[in-house]
Amino acid sequence: MRYIKSYIKGDLFIWALVAVLALFSFMPVYSASTNLVYVAGNGTTIGILIKHAVLLLMGFGIMFFIHRVPYRYFSGVSVVMIPIVIVLLIVTLAQGTTIGGANAARWIRIPIIGVGFQTSTLAGLVIMVYTARYLAKNKDVDISFKESLLKLWVPIALVLMFILPANFSTTAIVFLMVLMVCFVGGYPMKYLAGIVGAGVLVLMLFVLAAKAFPGLMPNRVDTWISRIDAFSDSESKEGYQVENAKIAIATGGLTGKGPGKSVQKNFLPQSSSDFIFAIIVEEYGLMGACVVLLAYFMLTFRMYVATKKAGTVFGKLLVVGVGFPIVFQSVINMMVATNLGPVTGQTLPLISSGGTSIWMTCLAVGMVLSVTASANVTEEELGAQSEDPLESLYPNEQLEEV
């Protein structure tokens, strides 16, 4: 234990929970991979398992590197990353709806390694850090709406504007999480109510425009609108997925059919990602589902403990902003599998297959661990240290205004 603690820092309980979820993921991913192999004719089960293992190892490498970085540096990095993620989102939208016949509305392909990368997930993470930064810097002043509109809400609106056409669920989650961080961070409620109203109005106008011009963004806006419309339509494709997920859950019983013995994985197109919770219930039963729920509940509790122990406002808001969305996303994934919400395309964090989901989750957990590793840092110590890597480029008085 001493040898391990010499290399890793932060909350060991969070480390353990993440490791357990990652190790458990091999069994349902390997089982569900038969759908890709024998139904879709894509790869081999061993190949998919090896790919999942490599992606997890890369994710843990990201988490290990990030957790050893003092969390104060994430503040300045978020400012640099805002224009970068906007460019990435524009490139994603501009590349077209398909690449090689595959849906590319949310993805760009990383050169050389050929792995797809979902830019909206990175953008959402950057926005959460940026929001925590702004609120922490203005913790001791009265926030004016005009000033916050320019420095906080315009960057957020720009990012969300480029996520929305292709990924409504991520847009909604990020917006809700931003509102939560603002509420926790003491942003004036009277201004927050106006932001919510403006957000709803913009969404309604966007939907009306998409309905009036249905061919404007084919395979993007139409997709998430049709998912909402088809929520209760059992004859639709989305209904077909949910029906098979419900069959999987219903036949799982108390203890399940056993590892690898799922039948519905052969009928669920996204059995290893979006609907992997249904496969878990079918193979491990209600008891297995409760264990998974307990793991996420414990992760939520440890993140709550991390916010209470953090010595700075930025540390507290950072944990809320990047940590709690992991649990929120897991709840949404399980709600979709049980037909309590429309299909969203949100994966089950740390369990579902997929490079972007694994990497961004590990990146977020790494930030949380960085906060827990520096829980004894106070506001005075943080203020005396360089919080931004941009200080070598800008005078201190200019940086305070960023």
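**N339 is partly exposed, with a relative accessible area of 23%.** The model is predicted, so that local features need pLDDT of at least 70 and side-chain atom pairs count only at pLDDT 80 or more, while totals for chains, interfaces and linings use all residues. Residues are numbered from 1 along each chain as its sequence is written, and side-chain values use heavy atoms, leaving out hydrogens and water. Partly exposed means a relative accessible area between the limits for buried (under 20%) and exposed (over 50%), taken with a 1.4 Å probe on protein chains only. N339 sits in the loop between α12 and α13. Helices (H or I, at least four residues) and strands (E, at least two) are DSSP runs, numbered from the N terminus. The phi angle of N339 is near 65°, a positive value in a residue other than glycine. Most residues other than glycine have a negative phi.

**L350 also has a positive phi, near 70°, and is not a glycine.** L350 belongs to the loop between α12 and α13. With a relative accessible area of 1%, L350 is buried. One of its contacts is with S25, the residue shown in the next view.

**S25 lies in helix α2 (residues 12–39).** The relative accessibility of S25 is 0%, so S25 counts as buried. Leaving aside residues up to four places away in sequence, S25 touches H52, L56, L350 and I351. A contact means heavy atoms within 4.5 Å. I351 is among the residues with the most contacts inside the largest nonpolar core.

**The largest nonpolar core of the model has 101 residues.** Such a core is a set of buried Ala, Val, Leu, Ile, Met, Phe, Trp, Tyr and Cys residues joined through side-chain atoms within 4.5 Å. W153, Y187, L318, V322 and I351 have the most contacts inside this core. Helix α11 (residues 276–309) gives the largest share of the core, 14 residues. Over the 402 residues of the chain, 50% count as buried.

**W153 is shown with the residues that it touches.** Apart from residues up to four places away in sequence, these are S148, V178, L179, C182, Y187, L192 and I195. L179 and C182 of α7, and L192 and I195 of α8, are also part of the contact between those two helices.

**Helices α7 and α8 pack at an angle of about 170°, with their axes 11 Å apart.** On the α7 side the contact is made by F168, F175, L179, C182 and F183, and on the α8 side by M189, L192, I195, V196, G199 and L203. Axes are lines fitted to C-alpha atoms, for helices over the stretch in contact, and angles run from 0 to 180 degrees between N-to-C directions. The two helices are therefore roughly antiparallel to each other, a term for angles over 145 degrees. Helix α8 (residues 189–212) has 24 residues and spans 35 Å from its first C-alpha to its last, close to the expected 34 Å. The expected span is 1.5 Å times one less than the number of residues. The buried residues of α8 are Y191, L192, I195 and A210.

**The axes of helix α7 (residues 168–184) and helix α12 (residues 313–337) come within 10 Å and cross at roughly 140°.** α7 and α12 are therefore oblique to each other. Oblique covers the angles left over by roughly parallel (under 35 degrees), roughly antiparallel (over 145) and roughly perpendicular (65 to 115). The crossing is right-handed, meaning that the near helix is turned clockwise from the far one by less than a right angle. From α7, I173, L176, M177, M180, V181 and V184 meet L317, V320, G321, F324, P325, F328 and I332 in α12.

**Q118 and S357 are 8.2 Å apart in space, C-alpha to C-alpha, and 239 residues apart in sequence.** Q118 lies in strand β4 (residues 116–118) and is buried, with a relative accessible area of 10%. Helix α13 (residues 355–373) is mostly covered, as 18 of its 19 residues are buried. This helix reaches 26 Å from its first C-alpha to its last, close to the 27 Å expected.

**K309 and A375 are 5.9 Å apart in space, C-alpha to C-alpha, and 66 residues apart in sequence.** K309 lies in helix α11. At 55% relative accessibility, K309 counts as exposed.
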